[in-house]
Amino acid sequence: MRLRRRLFSSKDPYAFKTTRGIFVDAMAENCACHYVKNAKYKKILDNYGFSPSDLKLPEDLENLPFIPTAVFKRHDLNTITPGTPFTLTATSSGTGGKMSRITFDIPTLWNALVMAIKVGKHRKLFSLKPCNYIIFGYKPHKSNKTAVTKTALATTWYAPALRRVFALKFNGTSYEPDLDGMVKAIEKFSHSKFPTRFMGFPSYTYFVMKMLDEKGMVCKLPAGSKILLGGGWKQFYKEKVEKDTFYALAEKVLGVKDTDIVEFFGAVEHPVLYADCVKHRFHIPVYSQVMIRDPKDFSDMGYGRTGLINLMTPLAGSSPILSVMTDDLGILHDTPCECGIDSPWLEVIGRVGLKDIKTCAAGAEELLKGGKDK
Amino acid sequence: MILSNGIIYESDKQDEILSGLEEKIYETLKGPSLTPDIVISALDRLASRIDNGEFDDIIATLDLPGVDDMKARIIAMLRKDSLQYRLSVELGDSYSPSSSFVTDPPHGMEKITVRRVPLGTIFHIAAGNVDALPAYSVAEGLITGNINILKLPSADNGLTVKIMETLIEEEPLIKGYVHIFDTPSTDVHAMLKMASMSDAVSVWGGEAAVTAIRQMAPSGIKLIEWGHKLSFCYISGDYKKHEKALRELAQHIMITNGLLCSSCQTVYIDTDDMSDISGFCSYFLPILEEAASSHATNDIGGIAESSLRRRTEEINSILTGKPAAIYGNGCSLIPCEDSELVLSDLWGNIPVKRLPRSRILPVLREKKHFLQTAGLIADDPDVISDILIRSGVTRIMTPGKMSESFLGEGHDGTYSFERYTRVVDSNIG
């Protein structure tokens, strides 16, 4: 896809405002590709009376039918069948047994790599100095196809790995956390002359930092160490803390300042790399567009208002993930950011239907947490 | 926060208190018994203090719809005459731990003396889905004379400890019978310690919580499970003659949003014909819409959840060719081809299914462990009620009263006071 290639070859990953024209063109190209090759996607668009040729201007994106992530959990919508040679399949975490399976062909993976390099460079994640990795995520296993596992491992390519220590280890049937093992590894690496990088779930990272604090331990990590976070708080949403609390604890027990803490946002159904800026905001890169939609009628709410997060990208030619509706509420801001990036930024408020809902109806808790799809 | 023997402690004292708790329990068991009258009188005085506004600040933070009505109901249910009535229904008029009766069996068989006494110590694992639930669970344990160890839900807001402190103020003897811990659910070691000191575990919660407790509970311990349930409405005959009941059903659906164990999750029609399902949906939708308009939620999370599910079902219908939902403003009815009893999509999005009366038993028995309330609209309610009872439901109500509570009713088909007591037989004396 020529126009997609042009978009992804943009030098500045955050030249958002000057690339909207090419973005829309790439979306139209992507939409047309899936419309022709994917009968299910065509059926959806036809039902909503939308044609790829309707995508001409940025305001037309509002009319592009979005697909909720829950649909990907129930149906295989891939344009290229999972398992086709020279493709990679990644899944969502799939609590409750239902998961999205998204296929990535080589051109898609290439564009994702280009994106990861440019965003990583911008956020100064690259380093030639080897480091020790503490991964608060799943140790790769052949049965684990989750995107969060693949992404965590891929993030360890930003700097050469001396060793990788995983918090969640596969015991033959399931994954078990080894937080005591992480404490030992942190203590050991704090004496190394090489930096340490954490990568993984903010929940487990926080729990281990708390363990250090409760034990009265301070393990100042070597200069150049970083904490990289991704995957969200998931089932530990009730234990989620404010960013300031997290950063303060990281500085206290590890000696890592918040400027060396980078959070990532994304989903297997929208595998665009959002890395927070030095002011910890998710600026929208050129590769995507975020629309906040009114929960009542799905209209575009613009900036500054809370609504459902609709994520768009022409990244994938192998799966029609060009407009995906998440389960998250958020706000899109266009106020200037002190980091200097001139691109809107997304504030994620939280999962729909989760907070404060109390129920005693059988299955409703799981339904509200998104674990069981009906 | 911990409350044990009437004293408040910081949470980090948990292990120290637990290590000495068994001794404290023995001391309490050796001391004066806690009779129902003592506890009921204390609860009656508590009701007066609630009525006088002493708890209004906390009640205001609960953000409950109809909170004034709810407060009035709670006060009424805590009154001496209400609790005594409940006791007489659940355990008989002459219940007291010191009373007994002698059996008089036929055929000259030997007589024995029978007493009903407290279980001993009950370990309550309360859910956070109803704000006063933990205190309610302990109160039931106290009325039946038990010592109570309570693990608070993680979302507890201090109300439980406040209620129990007030109760202890009213009746100091209660202090040895109440031990409350804010133990996190991940502290399995502490929970096992609490269970090991108890005669029974009373667990409230969903399938995951109940299953977890079953797996970790010591062998032989009595399990009293108050799990989550599924309820439905069954409609038979000419429903157009039951307009009032249909309006009440619509109100019930929109007020409870499918979140209660007694909420209507599925509407069943006594038919095998899909065109009857479509006909019902067309008839009932305007009624449901009217109820939706008067109970529209302002909660953005709830609105978003509902809208997302609606879009998901639309696309599901496009891809599978199955009948699409029929949408109203703020609600929907989903005609389904199968008959499985399922959870609705909540917030006024209700599946409507065929279930001819000849199939009620095999269909509902598939969900026998979860059945609770059947709302009923029928030309021959007695006949249908009989079938529903055989299928395993524990409540049969008019639709408008599906989520109402009644003094003297059971709880999921059983009486709590009976579950919290045991029978002791003796041929001595």
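Over all chains, the count comes to 35 salt bridges, a salt bridge being a side-chain nitrogen of Lys or Arg within 4 Å of a carboxyl oxygen of Asp or Glu. Side chains of opposite charge can pair when their charged atoms come close. The model is predicted: local features need pLDDT of at least 70, side-chain atom pairs count only at pLDDT 80 or more, and totals for chains, interfaces and linings use all residues. Residues are numbered from 1 along each chain as its sequence is written, chains are lettered from A and ligands numbered from 1 in the order in which they are written, and side-chain values use heavy atoms, with hydrogens and water left out.

Start with a bridge inside chain A. The side chains of A:K252 and A:D213 meet in a salt bridge at 2.8 Å, N to O. A:K252 lies in helix α9 (residues 243–254) of chain A and A:D213 in helix α8 (residues 202–214) of chain A, so the pair ties together parts that are 39 residues apart in sequence. Helices (H or I, at least four residues) and strands (E, at least two) are DSSP runs, numbered from the N terminus. A:K252 is partly exposed at 48% relative accessibility. A:D213 is also partly exposed, at 27%. Buried means under 20% relative accessible area, exposed over 50%, and partly exposed in between (1.4 Å probe, protein chains only).

Chain B has its own bridges. B:R357 pairs with B:D380, with the closest N and O atoms 2.8 Å apart. B:R357 lies in the loop between β14 (349–354) and α13 (360–365) of chain B, and B:D380 in the loop between β15 (371–377) and α14 (381–391) of chain B, so the pair ties together parts that are 23 residues apart in sequence. B:R357 is partly exposed at 28% relative accessibility, and B:D380 is partly exposed at 24%. Salt bridges also link B:R45, B:R49, B:E54, B:E169 and B:E170 in a network.

Now to the interface. Here 40 residues of chain A are in contact with 39 residues of chain B, where contact means heavy atoms within 4.5 Å. The two chains bury about 3,400 Å² between them, 65% of it on carbon and sulfur atoms. Buried area is the accessible area (1.4 Å probe) that two parts lose on being put together, summed over both.

How many salt bridges are counted between chain A and chain B? The count is 1. The side chains of B:E313 and A:R74 form a salt bridge at 2.5 Å, N to O. A:R74 is partly exposed, with a relative accessible area of 24%. On the side of chain A that touches chain B, α3 (39–47), β1 (67–68), α4 (69–74), β14 (323–333) and α10 (364–369) of chain A each supply at least two residues. The largest share, 5 residues, comes from α10(A).

B:Q265 lies in strand β11 of chain B. B:Q265 counts as buried, at 0% relative accessibility. The side chain of B:Q265 reaches the backbone oxygen of B:G258 at 2.9 Å. Leaving aside neighbours within four places in sequence, the contacts of B:Q265 include A:A361, B:L230, B:F232 and B:P351.

B:N257 has a positive phi near 55°, in a residue other than glycine. B:N257 sits in the loop between α10 (243–256) and β11 (264–269) of chain B, and is buried at 15% relative accessibility. A:H280 takes a positive phi of about 65° although it is not a glycine. A:H280 is found in the loop between β10 (270–275) and β11 (282–283) of chain A. A:H280 is buried too, at 10% relative accessibility.

Finish with a helix. Helix α5 (residues 80–91) of chain B has 12 residues and reaches 16 Å from its first C-alpha to its last, close to the 16 Å expected at 1.5 Å a residue. The expected span is 1.5 Å times one less than the number of residues. Which residues of α5(B) are buried? They are B:S82, B:L83, B:R86, B:L87, B:E90 and B:L91. These residues cover an arc of only 135° around the axis, which puts them on the same side of α5(B). The arc is that of the directions from the helix axis to the C-beta atoms. Their cover includes α2 (36–51), α4 (67–78) and β17 (421–426) of chain B. Just after α5(B), B:G92 takes a positive phi of about 95°.

Technical notes:
Polar contact = N/O pair within 3.5 Å; in protein donor to acceptor, adjacent residues only side chain to side chain.
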